[in-house]
Amino acid sequence: MTRKIVILTEGHTNPHTAKTAASVIRYRTDEVVAVLDSTQRGVTSQALLGVGGGIPVVGSLEEAPSADTLLIGIAPRGGRIPDAWRPVILKAITRGMNIVSGLHDFISDDAEFAEAARQRGVTIHDVRKNRERDIAQRPGFRQGCVRIHTVGHDCSVGKMVTAIELQRGLSAAGHNAKFVATGQTGIMIEGDGCPLDCVVSDFINGAAEKLVLANQQHDFLLIEGQGSLFHPSYSAVTLGILHGTLPDGLVLCYEAGRTQVAAMEHVPLPSLTELRRIYETVAGIMHPCRAIGIAVNSRRLSATEADDECHRASDELGLPACDVFRHGADVLVQAVLRLREEIVR
């Protein structure tokens, strides 16, 4: 049965903070009935997030009476529930709505929320909650399963959407391809995966390895990236995915115009050439791997500027480059197919 989702973004309805909301709306459009933000009531999702068409932004749960699920639509630093949101979440539970959350603060561990959910017989699904306790064993993956991993110069630059668009492009061309979700939003979209940024550090590699083992019947795995090797806070999970999934190819993702780590202006970001060198070197410790393409996030650029940036990036690295939303992902799909031909030979 299709869910009827209200996405809670109260006071944070912008493409960066509410990237979970934007992505769920983009890929699960038919399930979303409204966005909840009383500060933006009467506007549309399209106007605020750039996706969703006429999906309305409402000021209260009462304005979306058909909804049966409240989804937490932001990904704040540290993943904690804003205090002002507690009454809204509690009201949703008392109205009989299921709760879906990707925060590090587990709603199901909160005594007040848990008791209310028990009384109303509703489900609280904390997407990041996991019991991963296996270390990587290097059992060997199926030959013929080509693993492509999206990596970036920073967080929130398009690693997930690039992997999804590649999977869609390969599937549309008749290939057996699977998007492998490694974060809360990807799991909400795909319906499976593992929240690798919430796995105990000793077990990240093992959990990443298990994702490949569980899906290696597919010919192509498009593995979602997390964090960045260049991010002071989140480099550990990036390394764990690289060494757990043993990718054959990398797609380098970056946002044009971003020169410092987001919210850390004192931390500079690397050049494209350095980005490629570091990722290929670190991935190559465990398995032969090389960059095969570039995904440019050109959201701050005009169409002409975006075209110029893609040409510049392609010339600098000698790799195909595109913005998967502006240009489509075909040049990257072709790069993946060429890599498979090389591997098979």
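**Figure 1. The largest nonpolar core has 73 residues.** Leu 70, Ile 89 and Ile 93 have the most contacts inside this core. The model shown here and in the other views is predicted. Setting aside neighbours within four places in sequence, Ile 93 is in contact with Ile 99, Phe 113, Ala 116, Ala 117, Arg 120, Val 122 and Ile 124. A second core is separate and has 21 residues, among them Leu 252, Ala 256, Val 282 and Leu 317.

**Figure 2. Six strands with parallel pairing form an open sheet in the order 3-2-1-4-5-6.** Strand 3 (57–58) and strand 6 (124–126) are at the edges and have a single partner strand each, so one side of each is left without a neighbour in the sheet. Strands of a sheet pair through backbone hydrogen bonds, either parallel or antiparallel. Strand 1 (residues 5–8) pairs with strand 4 in the parallel sense over four bridges, and Leu 8 stands opposite Ile 72 in strand 4. Strand 4 also pairs in the parallel sense with strand 5 (residues 98–101), over three bridges. Here Leu 70 stands opposite Ile 99 in strand 5. Strand 5 and strand 6 are parallel too, paired over three bridges, and Ile 99 has Ile 124 of strand 6 as its bridge partner.

**Figure 3. The residues of strand 4 (residues 69–72) point two ways, and all are buried.** In a regular strand the side chains alternate between the two faces of the sheet. In strand 4, Thr 69 and Leu 71 point one way, while Leu 70 and Ile 72 point the other way. Leu 70 is one of the residues with the most contacts inside the largest nonpolar core.

**Figure 4. Val 6 lies in strand 1.** Is Val 6 buried or exposed? Val 6 has a relative accessible area of 1%, and because buried means under 20%, Val 6 counts as buried. Leaving out neighbours within four places in sequence, Val 6 is in contact with Val 33, Ala 34, Leu 36, Leu 61, Ala 64, Ala 67, Thr 69, Leu 70 and Leu 71. Val 6 and Asp 68 are 62 residues apart in sequence, and their C-alpha atoms are 8.0 Å apart in space.

**Figure 5. Helix 1 is mostly covered, with seven of its nine residues buried.** The buried residues are Thr 20, Ala 21, Ala 22, Ser 23, Val 24, Ile 25 and Tyr 27. They pack against strand 1, strand 2 (32–36), helix 2 (45–49), strand 4, helix 5 and helix 6 (184–190). Thr 20 lies in this helix (residues 19–27) and has a relative accessible area of 1%. Apart from neighbours within four places in sequence, Thr 20 is in contact with Leu 71, Ile 72, Gly 73, Ile 74, Ala 75, Gln 184, Thr 185 and Met 188.

**Figure 6. A further open sheet has six strands in the order 8-9-7-10-13-14, with parallel pairing.** Strand 8 (177–180) and strand 14 (321–322) are its edge strands, each with a single partner strand, so one side of each is left without a neighbour in the sheet. Strand 7 (residues 146–152) and strand 10 (residues 249–255) run parallel and are joined by five bridges. Gly 152 stands opposite Cys 253 in strand 10. Helix 8 (residues 235–245) lies across strand 7, strand 9 (220–223) and strand 10, and runs at about 165 degrees to strand 7. Helix 11 lies across strand 7, strand 9, strand 10, strand 13 (290–297) and strand 14, at about 170 degrees to strand 13.

**Figure 7. Helix 5 (residues 159–172) and helix 11 (residues 330–344) cross at roughly 70 degrees.** Their axes come within 9 Å. Angles of 65 to 115 degrees count as roughly perpendicular, and the two helices are therefore roughly perpendicular to each other. Helix 5 makes the contact through Thr 162, Leu 166, Gly 169 and Leu 170, and helix 11 through Leu 332, Val 333, Val 336 and Leu 337. By class, the contact has six nonpolar, two polar and no charged residues.

**Figure 8. Strand 11 and strand 12 form a hairpin with two residues between them.** Strand 11 (residues 260–261) and strand 12 (residues 264–268) pair in the antiparallel sense over two bridges. Gln 260 stands opposite Pro 268 in strand 12. In the turn, Ala 263 has a positive phi of about 65 degrees.

Technical notes
Residues numbered from 1 in each chain as written. Predicted model: local features only at pLDDT ≥ 70, side-chain atom pairs only at ≥ 80, totals over all residues. Heavy atoms only, no water. Core = buried A, V, L, I, M, F, W, Y, C linked by side-chain atoms within 4.5 Å. Buried < 20%, exposed > 50% of the residue type's maximum accessible area, 1.4 Å probe, protein only. Contact = heavy atoms within 4.5 Å. Axes fitted to C-alpha atoms, helices over the stretch in contact; angles between N-to-C directions. Parallel < 35°, antiparallel > 145°, perpendicular 65-115°, else oblique. Nonpolar A, V, L, I, M, F, W, Y, C, P; charged D, E, K, R; others polar. Pairing = 2+ DSSP bridges.
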